[in-house]
Amino acid sequence: MTKLTTHVLDVFSGKPGKGIKVELFFLDGENKEKLSSVILNNDGRSEGPLVENENFKNGKYELIFFIGDYFKKISKQDELQFLDDVVVRFSISNNKENYHVPLLVSPWSYTTYRGS
């Protein structure tokens, strides 16, 4: 079983990104196919893979992390957040391997990498 997973760590508070909405899309030229939409659990992870097995194809993907909503909720402020939706585009070249795309985020910055 091959799969794509993610998690979020809020480096500002040092806690998992609990309750963050994440959407996954497959990009095919001009077309964008929504594959999944999840809310991250108490550990900042989805309950299962975002995509797996025969639905996990080689090609370009886009993850959207709705972190503006998350920081607005935990800061209890109505003002606009510096970062809103964090979009991570990446390519899968070998869908026989597992891929993990974590996001480390603060209200002012983010980073990602291919995890294991």
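Modeller: A term to start with: a nonpolar core is a set of buried Ala, Val, Leu, Ile, Met, Phe, Trp, Tyr and Cys residues joined through side-chain atoms within 4.5 Å. Buried means under 20% relative accessible area, exposed over 50%, partly exposed in between (1.4 Å probe, protein chains only). The model is predicted: local features need pLDDT of at least 70, side-chain atom pairs count only at pLDDT 80 or more, and totals for chains, interfaces and linings use all residues. Residues are numbered from 1 along each chain as its sequence is written, and side-chain values use heavy atoms, without hydrogens and water.

Biologist: Which residues touch the most other members of the largest nonpolar core?

Modeller: Leu-4, Leu-63, Phe-65, Ile-67, Val-88, Phe-90 and Leu-103 do, in a core of 26 residues. Strand 6, helix 1 and strand 7 are among the elements that each supply at least two of its residues. Helices (H or I, at least four residues) and strands (E, at least two) are DSSP runs, numbered from the N terminus.

Biologist: What order do the strands of the open sheet have?

Modeller: The order is 4-3-6-7, with antiparallel pairing across four strands. Strand 4 (31-39) and strand 7 (85-92) are the edges. Two strands pair if DSSP finds at least two bridges between them.

Biologist: How many bridges join strand 6 and strand 7?

Modeller: Eight, in the antiparallel sense. Lys-60 has Ser-91 as its bridge partner, and Phe-66 has Asp-85.

Biologist: Which side chains of strand 7 are buried?

Modeller: Val-86, Val-88, Phe-90 and Ile-92, on one face.
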